[in-house]
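Visitor: I would like to take a close look at one part of this protein, and to see how that part sits within the rest. Could you take me through it slowly?

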Amino acid sequence: MPKPIHINLFIQSRGHHETAWDHPGADKRSLMDISYYVDLAKRAEAAKLDSIFFADVLMMTNDAMESGRFWPDPVIMLAAIAMQTERIGLIATGSCTYSEPYNLARQFASIDHISGGRAAWNIVTTWVEAVAANYGREHTAHGDRYEMGEEYVAAVKDLWDSWADDALVDDRSGGGVSGDLSRITPIDFKGEYYQVKGPLNVPRSPQGRPVLVQAGASDRGRDFAALHAEAIFTAHLEKETAQEFYRDIKKRAADFGRNAQQVVVLPGLNPVIGGTEAEAKENLMALNARMDPEVGRRTLSQRFAGHDFDHLDLDQPLKVSDFPEPEGLETMKSRAALIVRIVDKEGLTLRELLARFAGGRGHYTTAGTPEQIADLIQDWCDPDSAGGPAADGFNYMPPVIPALMDPFIDEVVPILQKRGLFRTEYEGETLRENLGLDRPASRFFPD
Ligand SMILES: Cc1cc2nc3c(=O)[nH]c(=O)nc-3n(C[C@H](O)[C@H](O)[C@H](O)COP(=O)(O)O)c2cc1C
């Protein structure tokens, strides 16, 4: 049996293409109708996908009106979805920079209880500069965000560990107690940024700790991910950079004394599928033809910390000097570097770059038949691939839901199943079991 592949469904708007929200093939329901998200989760569960995922941005983004991207609280969405599903993993984003460890630890422990052990936290440090104004703050520098994040994650883990698994006794025999205080401990966490007394006010959750997901990609971010993350989201425009990332992140995890197999690497995949290769390419071209380059310009500007791209001609080849130096940015250094690299390598015009970006925002976008997409998935995950594997699975980003998601669920997944690469039944009841991740012992109650 080959190594099983993991697939997460990344849900955003009515699909990831920036024009998906009003595409004729998009779901007709309101984006505030929870039944839309519940049905998607049920669909993913019927296909035996590992998990669903909601990103989060703590402001109204500047493309909201033209791309239908709104941000209802993802943790609350998961609570609703948990009640109507049984096996699918539930991943929500939570910001270390704009929340307190106690609130977050409590929320995710609660979702883990509500879902019977299916919760995961996508740890972000929030790169969008304008968010700071919603919290009466200045934007925190890239390195400082990660320093704060280190402390934050340590405090959250301690809070989750503050109850032993057997601390909840619920002894109702008369004169009994509901919990064993000797198996619950304060954490007395004292850091530079956070002080947390503990214990948590929620008993230890079914997975011990919800699964930790992260997407750091800069040098500092990779260390953070390699040290903490059990699943890693990552964005690549080429297999080659994905292979480099895979090698590097597994090595960093091993250097931190971790078992690198306990780190599941999931690059984004944004496939436009058609019955034939020509039809798939037409589908992609038709999608990009709907794009408004001015919306793309604004999104690109946000990626580069507000840099002005307005003076650039849409149809002139871009130069590296048209972009600010990625390392000097305090936003998302790695994605900026990815964009500059592809501009340098392929000599794209601004229009071409924006088209590339409109679908996957820097994630791998391709057009092909179901067989070709299955081949690509198999190839990237092949441990014997020349240059090494690029992935343990994928963060699947449907371009338009449901029109361009149906062929993935109905055709690509069954091909992978037939090849023995993807499960036909869930391995277990918790997300940890399905991702092949160990259940961590409490730091305070290791027995
Ligand atoms: C699939 C994926 C999803 C992400 N979701 C979010 C998100 O919801 N909110 C957020 O602020 N950042 C999000 N990020 C950004 C990452 O947290 C991180 O900032 C980014 O990968 C850049 O890392 P770097 O700052 O180390 O370069 C996401 C990244 C990826 C690849």
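Visitor: At what angle do helix α12 and helix α13 pack, and how far apart are their axes?

Guide: Before the answer, please keep in mind that this is a predicted model, in which local features need pLDDT of at least 70 and side-chain atom pairs count only at pLDDT 80 or more, while totals for chains, interfaces and linings use all residues. Residues are numbered from 1 along each chain as its sequence is written.

Helix α12, which covers residues 370-381, packs against helix α13, residues 406-418, at an angle of about 55°, and their axes are 9 Å apart. Helices (H or I, at least four residues) and strands (E, at least two) are DSSP runs numbered from the N terminus, and axes are lines fitted to C-alpha atoms, for helices over the stretch in contact, with angles from 0 to 180 degrees between N-to-C directions. The two helices α12 and α13 are therefore oblique to each other, given that under 35 degrees is roughly parallel, over 145 roughly antiparallel, 65 to 115 roughly perpendicular and the rest oblique.

On the α12 side, the residues that meet α13 are Pro-370, Glu-371, Ile-373, Ala-374 and Ile-377, and on the α13 side their partners are Pro-407, Glu-411, Val-412, Ile-415 and Leu-416 (contact means C-beta atoms, placed from the backbone, within 7 Å). Sorted by class, this contact of α12 with α13 holds eight nonpolar residues, no polar ones and two charged ones (Ala, Val, Leu, Ile, Met, Phe, Trp, Tyr, Cys and Pro are nonpolar, Asp, Glu, Lys and Arg charged, and the others, Gly among them, polar).

Another backbone detail is Thr-126, which has a positive phi of about 65° although it is not a glycine, and which sits in the loop between β4 (119-124) and α5 (142-161).

Helix α6 (residues 219-228) and helix α7 (residues 239-255) pack at an angle of about 55°, with axes 8 Å apart, and that makes α6 oblique to α7. Here Arg-222, Asp-223, Ala-225 and Ala-226 of α6 touch Asp-248, Ile-249, Arg-252 and Ala-253 of α7, and the residues of this contact divide into four nonpolar, no polar and four charged.

Helix α9 (residues 293-303) meets helix α11 (residues 350-360) at an angle of about 80°, with their axes 10 Å apart, and α9 and α11 are therefore roughly perpendicular to each other. Their contact is formed by Pro-293, Gly-296, Arg-297 and Leu-300 from α9 together with Arg-351, Leu-354, Phe-357 and Ala-358 from α11, a set with five nonpolar, one polar and two charged residues.

The model also holds a ligand, which 21 residues surround, the closest being Ala-55, Ala-215, Ser-218, Gly-221 and Ser-334 (near means a C-beta atom, placed from the backbone, within 6 Å). Both β8 (231-234) and α10 (333-346) supply at least two residues of this shell, and the largest share, three residues, comes from α10. By class, the shell around the ligand has nine nonpolar, nine polar and three charged residues.

To step back to the whole, the secondary structure of the protein comes to 14 helices and 11 strands, and along its principal axes the C-alpha trace spans about 75 × 50 × 45 Å.

Methods. Two residues are in contact if their C-beta atoms, placed from the backbone, lie within 7 Å.
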